[in-house]
Amino acid sequence: MRDADLIPGDSNKASTSGGETFYPGPSRIHLAAFPPKERWDDWTELDSQAWPRRKERRYSLVPTTCFNCESACGLLAYIDKETNQVQKFEGNPENPGSRGRNCAKGPATLNQITDPDRILYPLKRAGKRGAGKWERVGWDEVLDTIAARIRKAIVEDRRDEIMYHVGRPGEDGFTERILAAWGVDGHNSHTNICSSGAREGYQLWMGLDRPSPDHANAKVIFLISAHLESGHYFNPHAQRVIDGKASGAKLIVFDTRLSNTATHADHFISPYPGSEAAILLSIANYLIQNSLYNREFVRRWWNWEEYLAQRSEVGDQRSDKQPRSGEMFIGTEPTNERDSNEIAEAINISRLRRSDSADFEEFEGILKEVYAEYTFEFAAKESGVEANALEEIAKVVATAGTRFSSHNWRSATSGISHGWSVARCLFMLNALLGAVATEGGVFPNAWNKFVPKPIHTPPHPKMWNEKTWPREFPLAMHEMSFLLPHFLKDGRGKLDTYFTRVYNPVWTNPDGFSWIEALTDENLVGCHVALTPVWNETSYFADYILPMGLGPERHDIHSYETHDAQWLGFRQPVMRAARQRNGEDVNDTREVNPGEVWEENEFWMELTWRIDRDGSLGIRQFVESRKNPGQRLGVDEYYGWIFENSVPGLPEKAAAENLTPLEFMRRYGSFEISRKVGAIYEEEVPAEELDDVAEDHFGRVFTRAAKPASPNVVPIPSPDGDADGRRLVGVKVDGEIKRGFPTPSGKLEFYSKTLADWGWHEYAIPTYIKSHVHPDNLEADQTILISTFRIPIQIHTRSANAKWLNEIAHTNPLWLHPKHAAKLGVRTGDLVRVETEIGYFVVKAWVTEGIKPGIVACSHHMGRWKVHENGQKQMMATVKLDHEGTQWGLERESGASPYESKDADTLRIWWNDVGVHQNLTFPVHPDPISGMHCWHQAVRVRKAESADSYGDIHVDTEKSREVYRKWLTMTRPADKYSPDQTRRPYWMLRPLKPAREFYKLPESTKPAPR
Ligand code: SF4
């Protein structure tokens, strides 16, 4: 093996030695990090527990992917050939995203599959909903009952009463297609409590809603959030951040807390929460005023001509509309509806003409003028960070050139009102430097992702669901899921059948008591089905609890934007794959899973089959076998078809090893489709796609040629074609027709006509907006509570059944700076009461210099609870729930303690404290544009009262209704602001997009045509 083969940090560049694959370990030369794949059928290791005896164990190594977070890192199950049990999980070196590495939660999957508290059989409630009484029930009864309900709702055209509410999907589109097969716009996700803020900011710039940073090749890495431990795709990204650093990249981190990531930074600043956009614009201003930006890139790829055109039409609205000093929308009236419509009319693109006087130098002059106010001094005043520290960072950014990788996912974008503007201002730095789809820069996610075309593609649903996509939020990135209890209470409809799928809104969402109120009201929710591998706070309020498989017990495919490549990962039930490897037939994953645990894909296919057994509803065809018409599709055929027909290069690669594509994926668990995808926007549109072309005034090019079929069906925005029915195919730049970006202009949108058209003209260019927790919006005795961070060991509900993780991390004290603590007179371990707008919680203080003075923080992955016996005993406190009218209380009766189970380790539990459930005390804060819940809370923190006990929670849900109503008044609804009488811009991404005609607002609610 040559040294050149040993590329640090890239175990996929494995070389072969003696005919076997060598995966280099940390020494790069001497030790292999993983068994060679040629020996995965029969791998021998010494049994560590038999030491000092040399006892050999023989394993079958079967790949799958982790299900504990959205990164879906590769895992290798070590299945003991003697016991036929999984002995351990390690990383899968063949996975191009994770490259054999995992965080602590990956190997802890072993604890989850052997968890003594897990749910093994379908359960049906035996008493009142929420009373905690359950009886075992058969899958057949469950399927027939639910199928009959759904069929009835479909036949009676109550399709909006069927809803599927998912946490992290961990798969690419399977269930969306099931809902589409039913003709139901019933997809609901957790995204608006997670990442919608960041997505909105990115989509407004580049059409696509996620960044794919090439950290490993960057010169400067700029992170707003704690990526190494909790950012987006944190293990795959974290390892590439470290690769980049090892190659000399400078790391800049913004985080109000001293996170693990911050400890690795070259430049770490702790800004006042919500001031991030002000700092980013001061850096942008430095680049602009000193002409340190990539002039040619900006000229070619920003939609500056469109910006100039609208200025010449309506004048510079900024002087009186832009909140340059940061006026906040809280407590102010939204912009006058009429003003906004007038502005939108004035800049109607169809009337625009490219101005003769519009030239790039004019734009540059305006850019200088518009951003001049964002000085380092201004940013210092907003952020509390010294101006010279900001200037130093700006100078580092200026050195990056096109090797500038940046990322923001949760953190500020999910904490503050208009958090989306943080992502928009961060990406402006990339756009200024031209670090877009460059080596070391940031790619639009869809270019680094591959979603293979499935065997059946049902049509778009012919309906619009107002409960998830209400007209108040026409620009929301995802469903307004966390407002569901309020919508139901408002009388906006009810639910007949509501699925929660590996999702726990009572605990994860804000305002959990309002969720309990809705879920216990059978007039609002007719039947609640909880699909979950583990007990959770929401499952207690279900009618059926259905045991779903964990990562090694289910099938899924996924592809993520971990770097500049396209790859496919395959999650599979490892025992099924092992048996099939031995020549056994397995037709149903329940045959190999513990108890009657099932996998979702087989469940959904069977449920769909039973909804339409005779095919009369036209639904059955979408789960029907092609090989055996009249029979239900099975997972082997489903995935076999995809791997054979939709993954370029896979059949050939498999054939070279004498395997079918499905056998190949079962053996290795992943496949890399391409590397170095590059700058797709710069590609010239081929001549065969140019037929009867037309060009508009901004260079957008339209064609009559059909779109070429692609096996990659990754969702891409769909900007409109021209009035004569041509489709948008590209954009003309310097005389050449380029692919461009999937935005309405085909370019990077410095100026968002979408925002302007839909009533938000004042925010149409990247802008700093004072947040709901800006000092101007706080009372003198209030501070900010940051709840958007997590420690790297736990993740929401999913990891609570992993004993190794629970031993390491099981509580969530309140971070307080020593100066702040001294003022309050509290020390580490003292109880403090944290008062929110709707109630309070009592938690222990942790006094640390790792937080900005005056700000407090509490991790959101703790504070699990159960009311009855059933639950995850290692990580759930037993509590008493009380309520009278809208007053709710939660009192902790006992914490974790040792208990007898089939796992002897449960008798060794030494911890009692499992943290405090702070989210119950948070009201909903829907951002009026992105729809994101704005997590940061304005709170009062004081010493606990003598009657307070650890974990006490009190909430008044009437107050949460008031806060909900207040935030609703800040929206600019489609039925008042829509420029074209639709509910939402058609071009924007939307899960499970309805048929186009259903974007139209109902006649009675349309705004007057302009
Ligand atoms: S939990 Fe850890 S190992 Fe699992 S997918 Fe996420 S980052 Fe990877």
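Student: How do the residues of the shell around the ligand divide by class?

Tutor: In this predicted model, whose residues are numbered from 1 along each chain as its sequence is written, local features need pLDDT of at least 70, side-chain atom pairs count only at pLDDT 80 or more, and totals for chains, interfaces and linings use all residues. Side-chain values use heavy atoms, with hydrogens and water left out. The shell divides into 6 nonpolar, 5 polar and 1 charged. Here Ala, Val, Leu, Ile, Met, Phe, Trp, Tyr, Cys and Pro count as nonpolar, Asp, Glu, Lys and Arg as charged, and the others, Gly among them, as polar.

Student: Which residues are around the ligand?

Tutor: They are Cys66, Asn68, Cys69, Ser71, Ala72, Cys73, Asn102, Cys103, Lys105, Gly106, Phe234 and Asn235. A residue is near a molecule if one of its heavy atoms lies within 4 Å of it.

Student: Why is Glu624 called buried?

Tutor: The relative accessible area of Glu624 is 17%. Buried means under 20% (exposed is over 50%, partly exposed in between; 1.4 Å probe, protein chains only). Glu624 is therefore buried. Its place is in the loop between α22 (600-611) and α23 (635-645). Beyond neighbours within four places in sequence, Glu624 is in contact (heavy atoms within 4.5 Å) with residues including His456 and Trp609.

Student: What makes helix α20 largely enclosed by the rest of the structure?

Tutor: In α20 (residues 512-519), 8 of the 8 residues are buried, so the helix is largely enclosed. Among them are Phe513, Trp515 and Glu517.

Student: How do the axes of helix α14 and helix α15 cross?

Tutor: The axes of α14 (residues 376-383) and α15 (residues 387-398) come within 8 Å and cross at roughly 120 degrees. That makes α14 oblique to α15, since angles under 35 degrees count as roughly parallel, over 145 as roughly antiparallel, 65 to 115 as roughly perpendicular and the rest as oblique.

Student: Which residues of α14 and α15 meet?

Tutor: Phe376, Glu377, Ala379, Ala380 and Ser383 in α14 meet Ala387, Leu390, Glu391 and Ala394 in α15. By class, this contact has 6 nonpolar, 1 polar and 2 charged residues.

Student: At what angle do the axes of helix α4 and helix α17 cross?

Tutor: The axes of α4 (residues 196-206) and α17 (residues 420-433) come within 7 Å and cross at roughly 40 degrees. That makes α4 oblique to α17. The contact includes Tyr202 and Trp205 of α4, and Trp420 and Phe427 of α17. Its residues divide into 11 nonpolar, 2 polar and 2 charged.

Key. Axes are lines fitted to C-alpha atoms, for helices over the stretch in contact, and angles run from 0 to 180 degrees between N-to-C directions. Helices (H or I, at least four residues) and strands (E, at least two) are DSSP runs, numbered from the N terminus.
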